[in-house]
Amino acid sequence: MTRKQRRFILIATCLGILSFALGLILYAVNDSIAFFYSPTKVSELNIEPGTRFRLGGLVQEGSVKRGDNAHVQFVVTDTNQTITVNYKGILPDLFREGQGVVTEGRLSHEGIFVAVSVLSKHDENYVPREVVDALKEQGVWKGGGQKPGSDKGNANDY
């Protein structure tokens with residue numbers, strides 16, 4: 001085997017190993033990506049059950065039902081569509097009806113969103129930027145003089 005052939009085999013082996021490592025990294029990252037959708041987008045896109053994503057909107061008035069062992073059920077709306085959310089855990093202290101919320105989880109086969117985390121903001125005037133954008137897209141945003149998605153606190157308060 002000549003020196004040129006050995007070099008070619010070494011380079012080809014290194015490229016194969018790098019390609020395999022890159023494939024593993026992309027596969028791992030794909031499982032951790034969570035896209036944000038409003039209830040209307042979820043119904044438009046016909047998202048497959050079991051797909052992980054973030055659901056954002058407003059907690060519908062009168063929809064919060066607390067059960068045993070920290071089970072909570074509530075409805076997230078963008079004033080056009082609604083999705084029922086089931087969550088087991090402690091809700092943020094400022095979680096309220098009528099407030100903006102972002103939940104992360106998966107859609108069940110029954111069409112119920114099973115959340116693994118619920119995020120809310122400390123400022124009662126705050127609505128997440130994605131929720132504002134979704135409400136504006138539907139023409140129902142009624143924000144006052146507040147700049148959408150702005151807050152007075154730390155940007156890392158989620």
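Buried means under 20% relative accessible area, exposed means over 50%, and partly exposed is what falls in between (1.4 Å probe, protein chains only). This is a predicted model, where local features need pLDDT of at least 70 and side-chain atom pairs count only at pLDDT 80 or more, while totals for chains, interfaces and linings use all residues. Residues are numbered from 1 along each chain as its sequence is written, and side-chain values use heavy atoms, with hydrogens and water left out.

**View A. Glu104 sits in a salt-bridge network with Arg52 and Arg54.** A salt bridge here is a side-chain nitrogen of Lys or Arg within 4 Å of a carboxyl oxygen of Asp or Glu. Glutamate 104 meets arginine 52 at 2.3 Å, N to O. That pair links distant parts of the chain, with glutamate 104 in strand S6 (residues 100-107) and arginine 52 in strand S2, 52 residues apart. Glutamate 104 also bridges to arginine 54, with the closest N and O atoms 3.1 Å apart. Arginine 54 is in strand S2 too, so this pair ties together parts 50 residues apart in sequence. As for cover, glutamate 104 counts as buried because its relative accessibility is 9%. Arginine 54, at 33%, counts as partly exposed, and so does arginine 52, at 26%. Strands (E, at least two residues) and helices (H or I, at least four) are DSSP runs, numbered from the N terminus.

**View B. Lys41 and Glu44 pair up within helix H2.** Their side chains form a salt bridge at 4.0 Å, N to O. The two are three residues apart in helix H2 (residues 39-45), so about one helical turn separates them. Lysine 41 is partly exposed, at 30% relative accessible area. The structure holds three salt bridges in total.

**View C. Ser63 reaches back to a backbone oxygen.** Serine 63 is found in the loop between strand S2 (52-59) and strand S3 (65-66). Its side chain gets to the backbone oxygen of glutamine 60 at 2.7 Å. With a relative accessible area of 8%, serine 63 is buried.

**View D. Helix H1 carries Arg7 and Ile9.** Helix H1 covers residues 3-32.

How values were computed:
A polar contact is a pair of N or O atoms within 3.5 Å; within protein, one must be able to donate a hydrogen and the other to accept it, and residues adjacent in sequence count only if both atoms are side-chain atoms.
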